[in-house]
Each structure stands twice: as C-alpha cells, then as structure tokens.
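Here are some notes to read with the structure open beside you. Take the points one by one and find each spot as you go.

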Amino acid sequence: MEGSRKGAVDMLAGDELSLGLPGGDGAKLDFVRTGGKRGFSETEVDLKLDLNGKESSSVEKVRPADPAKPPPAKAQVVGWPPVRSYRKNVIANNNKNSSGQDQAGEKGGLSGATSSLTFVKVSMDGAPYLRKIELKMYKTYKELSDALGKMFGSFTTGNYEAHQGMIDFMNENKLKDLLNRSDYVSTYEDKDGDWMLVGDVPWEMFIASCKRLRIMKGSEAIGLAPRAMEKCKGRG
Amino acid sequence: MSENDRHHPQQNHFCPAETMSEDEDPCRPSPPPPPPPPEPVSKKTRNCAAVHPSPHSDRVLEIVLEHVLQFLTVRRDRNAASLVCKSWYRTEALTRSDVFIGNCYSVSPARVTTRFPRVRSVVIKGRPRFADFNLMPQNWGAHFGPWVATMGKAYPLLERVYLKRMSLTDRDLCLLADSFTKFKDLVLVCCEGFGTSGLAAVASKCRQLRVLDLSDTEVLYDGVDWISCFPEGETCLESLIFDCVECPINFEALESLVVRSPALKKLRLNREVSIGQLYRLVVRAPSLTHLGTGAFGHPEPQDPNDQEMDYGSAFSACKSLVCLSGFREVMPEYLPAIHSICTNLMSLNLSYANIGVEQFKLLIQHCCRLQVLWVLDSVCDEGLQAVAATCRDLRELRVFPLNAQEDVEGPVSEVGLQAISEGCPKLESILYFCQRMTNAAVVAMSNNCPDLVVFRLCIMGRHQPDHITGAPMDEGFGAIVMNCKKLTRLAISGLLTDRAFAYIGRYGKLVRTLSVAFAGDSDTGLKYVLEGCPKLQKLEIRDSPFGDAALLSGLHHYYNMRFLWMSTCQLSQRGCEEVARALPRLAVELLSYEENEEMDNETVDVLYMYRSLQGPRDDAPQFVRIL
C-alpha cells in the first residue's frame, strides 16, 4: 500500500497541493481501493465487497445501480446516516396517511429517541437468582405481568396478583385492598431512585423511567405511593 | 428582525439563539488561570470609596475598571482581560454576568460560582453531539442536578438558563423554579429526563417567565396539564416553543394563554395542534414574528358541510411573520394559505413536511427574501433548482433525507448542489444529505460560495465515491477547505483517503469543528489534521482506521480542544493510557458498548476525552472507565 501512496506523499511534502481532478491539472493519482485495509468493522467490509460487484480492486467508471435490479440492502449501521431518531419518527409518521392513528409506542419520539435496548434486572423476594428482561419487548402492563408470572411462578405458591393496567391511584382504599389481597406485587425503581408501584403511570413513561424491578410481598409495598401524588406535591 | 435573530451561520436558526459560539471556556487549564486570591478581609472594599474622601489610587483604577469591563460582552475579550493581572482577574470575575460552560464536566459548579459571584445567565452544554445518534450508551451523565443545586444558593438572581444535551429531572426543574425568583428564560435544546410535571412547576412559579423554549427535547407525558399552570392574568411571555413535545395539549388553556400574553412574539406549536386550532391562535396573535404551525392538517376528515376557514386571510394578517416552521402532519392542500406571507419570510423550515416538487415550487417562488431554508429531499433536485432561481439571498440551507437509509434511490444529488451554488452565492452554511455526489459539484460550490462557514455533506452510502468518475471525494472536500477561507465547520463523507485529510490539515486553518465517519486509510490521515489545524476544538470521528500512533500525535493540542470523540476506530487501551499519563488535566473516558461486560483489554469502543479542571467525575456509570 505504501508504494502506491508514494506519489501522494511526495506531492504533500512539497508546495501547494494541486487538485487532481480528472481531466484537470495536477498529477493523476492512482486510486487503489484499499478495501482490505479496513478490517476494523468486519461486517460492513464483508457486506460491501460481497454484495456490490463493482467494488473491485481498481477504480472503474461506476454506473449507477441498474434500476431493474437494485442491490440488496446493506445491514443498517447504528447511528448512520446521522439523523436524529426523533426526526426519523416524525417523518415516518407523516408518511402513514394520518388516518392510521398510531400503534402504541410508535407515535412520537418517546420510543424512537430511546431506541437502544435497555435491560432491567428483575428480582423477587425469596427467589435465589435475578432475571434480566428487555422492557421494550412488551407493549402493555398485562404482557409484562404475564411474563413475570411465568418467570417467577415456580417460586411462589401464593397469589401473584397481576395488575391488568393502570392502578386507580386516586382511590387509596382500593389500592390498600389490592396490596392486602396479593401475596406479591411488582415494584420498580425509577430514574430518580424512588421505588414505585408498577402500573401507576402510563406505559411509555414506565419503560422510559424504569431502572429495575422488584417483586415483593404485598404487605411490604403498602408504603409506596403513586408517583403523581408524590412528585412536586405540596410545592404550590 | 430583532437583534437576536440576526443571522449567524453557526447558530441553529430553528433552535433558540445562543450567545456566539466562542470556544473559550472561562477556566482553561492551559495556561492555567491565576488562582483566585484569598478572600480579603481588607479595607479595600467598594464602600471604601464612599467613606474616605480621597480613595486610594488603586481603588480608583479598580472602580474605573469595573465600569469599563461592563462593556465587554464577548467571552473571548473577557477571558483575555482576566489574564492581565490579579486585579483585572478579580474585577472581571465580579462583573461577568454571562457564563458559558462548553462542557459540563470541565469545571465543577462550585468553582464557577466561587469565581463568578454575580451571574445572571448560564449556558451549559453536556453530551457530545454523536450521542444524538445512539453512539453513546444511555445514562452517561451530563446531569443538571448538581448545577441547579449549587447555583440555587449562589445565584438567587439568576435569570437565564440555556442547556444543551443535558439530563434534567422534574426535581431539578422544581428546584430551579423555587430558587430563582426573577427567572426569565429557560431554553432546553436536545435535553431529556423530565416530564410535564417539571414544566408545570416552571410555568406556575416563574412569574416573570419570558422565554420557555424546548427544542428537540424529549418530554415525558406524565398526565400533568402544564399549559394550564401558567398564572392567571397577563404574562410576560415573549417566546413559547414546544414543537417537539409529544403530548396532548389543553387547547382552551393554550388559547387563553396566548390571549393574555401581549408580548408574545415566538410561538411554536406541537403536532397535537390542528390547523383549525392554529387558525384560532393566529387570529388572536397577529403580531407574531416566529410561528411553528403544529400539524398544519387535521386528523379527522372534515365534514364537507363545515365552512372552510379562511386560512389565507388569517395568515396574511400576520405582517410581522418572518420565521415559519412546523408542518408536522401537513396536508398540502392548505399550503396556499401561506403564499401571501412568503414574501416576508426570512426563515422557512419544511423539514418535517413531505411535500412534492410541484407544491414546493408553488410555495418557494414567492420566497424571494429567504435567508434560511430547511427542507426534505422530497423536493428533489428540481425543487432545489427552484430555490436557486428565487432565493438569491440564501445564507443557510439544510436538506434532510425523507428516507434515511443507505442503498436507496435518492431524490437529490450533485445536480441540486450545483444549482444552489450557482443561484445562492451568499451561502454561508449548508447541510446536505444525498445518495450520490460528484467532486465537480463540490468544487463548483467551493468556487461559487466563498462565504461558506459551515459545510456538511452527508453522502449516505458509506465509502461512496464520485458516482460519475468513481474517484474518492478527496478533491471535492480539498477544494472546499482551499477556497472557502472562512470555513470553521466541516463534515465529510463518501469514499475518502488520507489525501482528503492532508488537504484539511494544509488548508483548514480556521476549522474548529470536524466530523469524520468511515473515512481515511491510516494513522497518517488523522495526523495531518491534528498537526495542521491549530483552531481545532471539536473532533468527532467514527469507524475510521486511526490508531494509537495517530492519537499520540495530537498531544500538543488536546488542551486547546473542547473534546475529542473516537468510536469504533483502532485505538487500544494502552494508547489511551499513554495520553492520560502525558496530559493529567485531560479526562480520558473509555466507554463500552457491552453493558456490564469486562472491557476487553485491547479494543476501545469509544474514547471521549476533554480537558477538565475538576478531575475524574464521580457520577460515571458502569460502562465508563476514566483513566
């Protein structure tokens, strides 16, 4: 590689770099494709060399792709092209004739902007080990609690009361009743480090702020109050 | 246009104006600033002059200096003044009212508040830009919490906070609202971590709130109706920008707010606001200068018996409108309503609107005074040709991709770029996404647009050569750095060899920000840049074959930089450790993409390094290792 680059280096050592445009002034440089050098990202290099027949060792006139036979799609690389997820999501939404109102989680930037995976640990009081789950795999609280029930069902003979949806947090009596009835309830730690009951905020908000899950005895969970009643409460 | 809107190519025109982007931090480690003198309990206080009939001559000079320094507003000038001597350092610190922190980890909040006791306005920037593209793992840091906690006590009279790429919680916003009774301006750009509760706290408690701007900021909807939380009666609001907030809006409350905000000049609505609702707002606020139209459509099909509103005359009544954006769910049949105001427009942002060539041409033909245009590439080369024909005064152009993928047919190409270069000679800033490009067109732009300050070309296919000649894009970018003598920001793409970097190092003497992706052949490339570009401040590189040798060639310069980002390059831990040893005031962070994994001893996923006076930060998550 160094040999073929010598011309370029010599030019650079001296005076003005002249722009070597094809057909223009300036020495014509060989442009040797050094595809093999780019070993750092194996996947993309392999794909490129395999799928695009025109990527041979020396430069040829590159014809635009034959429209009748588009090249197979490359694997998408993270963060490329550099367009923010929010923008991509808004435009994608615009393309659906606004008649199609939203699949959950697709509207807006909430899920888009946090498109990287976030695993959370799930622990259960009395179980010998932790589990890890990917919250974005679930679309609703019901799905989540079904999954948790399956995961930890073998550790409990008691009554694992799954929240079917949002708790009616405005009714404290109902809440206490629920906690007393269940042997186990799900709780989670949010971004601020507070422990909350699973189910008291909208789903999107939950998956964005949940850091970790803990299934605890219902009686222990009585002290947790719903978020909306706590945050900024009493601050006028 | 007011002074704040005076066009500056480095400003993001559709984000709120920040102070000029000078890249001097107040507390650079090199040369180290003179340490603050021990706080004197001396007779030489301000009141001294009043007590003694003939003040000590030193004091006279200090008083004069204080008065004179009030006139210094530019950050760089103030920094220079502070280095003259201790007395100037002290006086400058007392009179500085605007503080700019380019990297929140470069200095601790306590240090800032100790040195500058009388600050009214703060700008703090956090994450590096590549974090916007998911290249940085979540929860890296940049928390506003420590700042608001410290400033809450030190700056009770704080009026303005501008944050970019910071994380803040509802609690932080509550604390802000509680601590600063005279708070006026809150500007959050690319921030996240809080919800509508936090906004409600600000709205309800900051009685003198003038500016509430949320741009590209993620706001969680936690059910709180924050628009209703503004106090009753007239407000001081001049700017209310929430076009990125993805949550339902209580329209009646919004309407009432607009009606009782007589000073309101800038209003940018989110896409929950339909065109019918927009109409109602516009007729009540015809003196707006900046408008974000929200959806500019409506979700439900209209009953054909409903009388169609006269949108056209509503908009034409807005004689002061100079900046138009929104169109988040545009229904193109409504676009003619804005034709009448197009002649006044200086800025137009259609970058969320998928409109076709013909409709775009009908619109743009009226926009003869346009200086800033953001569009989607759905307007095609033909649309750009129409821009070139009409917008002779264009200073800034951004062309975003409708379909942000590689290996698809792109509607814009070198044809559009060439046309723009020929029709818009005053162009200063361009961001252009495309699927194919030629050196010739880029060279043409370098010749036709000598005023270019920002040149960002994104050829979306990685390693794409000139699609006509098959050559690398070296010559095109070389021409840009050679011919555009004012260039300070450059983003390169396409097939690029070390030669492109040689050009940049040789000619890019004013370049401050450089973005590199999938480019170069060897360490030599990066060496050219690090050795050749004395003004380089921000260097972000991804997926390029640069290794330790290249990294070490920049040791002489890293203290002068805001940051260096290198991800998925060929760095090893040993190389990074060597840098950390050689430069103790540099924070060298290694980030790992695999959560909770032991870091492989050799490869480095992400290197992020920046100068810092405060030493390694204590809030780094598990995947960050600070050398």
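**Notes on a predicted model**

1. Start with a group of rings. Tyr105(B), Phe130(B), Phe133(B), Trp140(B), Phe563(B), Trp565(B), Tyr608(B) and Tyr610(B) make up one aromatic cluster. Keep in mind that you're looking at a predicted model.

2. Now for the aromatic pairs. Searching the whole structure turns up 24 of them over all chains. One of the pairs is Trp140(B) with Tyr608(B), and it is edge-to-face, with 5.5 Å centre to centre and 70° between the planes.

3. Are the two residues buried or exposed? Trp140(B) and Tyr608(B) are both buried.

4. Have a look at Arg75(B): its charged end sits over the ring of Phe100(B), 3.6 Å from the ring's centre. Then find Arg506(B), which lies over the face of Tyr507(B) at 5.1 Å from the ring centre.

5. Next, a helix pair. Helix α2 (residues 57-69) of chain B and helix α4 (residues 86-95) of chain B have axes that come within 9 Å and cross at roughly 45°. The two helices, α2(B) and α4(B), are therefore oblique to each other, and their crossing is right-handed.

6. Which residues meet there? From α2(B) come Glu62(B), Leu65(B), Glu66(B) and Leu69(B), and on the α4(B) side they meet residues including Trp88(B), Arg90(B), Thr91(B) and Leu94(B).

7. Step back to chain B as a whole. You can count 20 helices and 23 strands in chain B. Of its 627 residues, 63% are buried. If you take the contacts in chain B with a separation of 6 or more, 72% of them involve residues 24 or more positions apart.

8. Finally, hop over to chain A and find Gln76(A), in the loop between α2 (42-51) and α3 (85-95) of chain A. With 44% relative accessibility, Gln76(A) counts as partly exposed. Leaving aside residues up to four places away in sequence, Gln76(A) touches Gln405(B) and Glu406(B). How far is Gln76(A) from Ala221(A), C-alpha to C-alpha? The separation is 44 Å, and the two residues are 145 residues apart along the chain.

Methods: Residues numbered from 1 in each chain as written. Chains lettered and ligands numbered in written order. Predicted model: local features only at pLDDT ≥ 70, side-chain atom pairs only at ≥ 80, totals over all residues. Heavy atoms only, no water. Phe/Tyr/Trp six-rings, centres within 6.5 Å; stacked < 30°, edge-to-face > 60°. Buried < 20%, exposed > 50% of the residue type's maximum accessible area, 1.4 Å probe, protein only. Lys NZ or Arg CZ within 6 Å of the ring centre and 35° of its normal. Helix = DSSP H or I, 4+ residues; strand = E, 2+ residues; numbered from the N terminus. Contact = heavy atoms within 4.5 Å. Axes fitted to C-alpha atoms, helices over the stretch in contact; angles between N-to-C directions. Parallel < 35°, antiparallel > 145°, perpendicular 65-115°, else oblique. Left-handed = near helix turned anticlockwise from the far one by under 90°.
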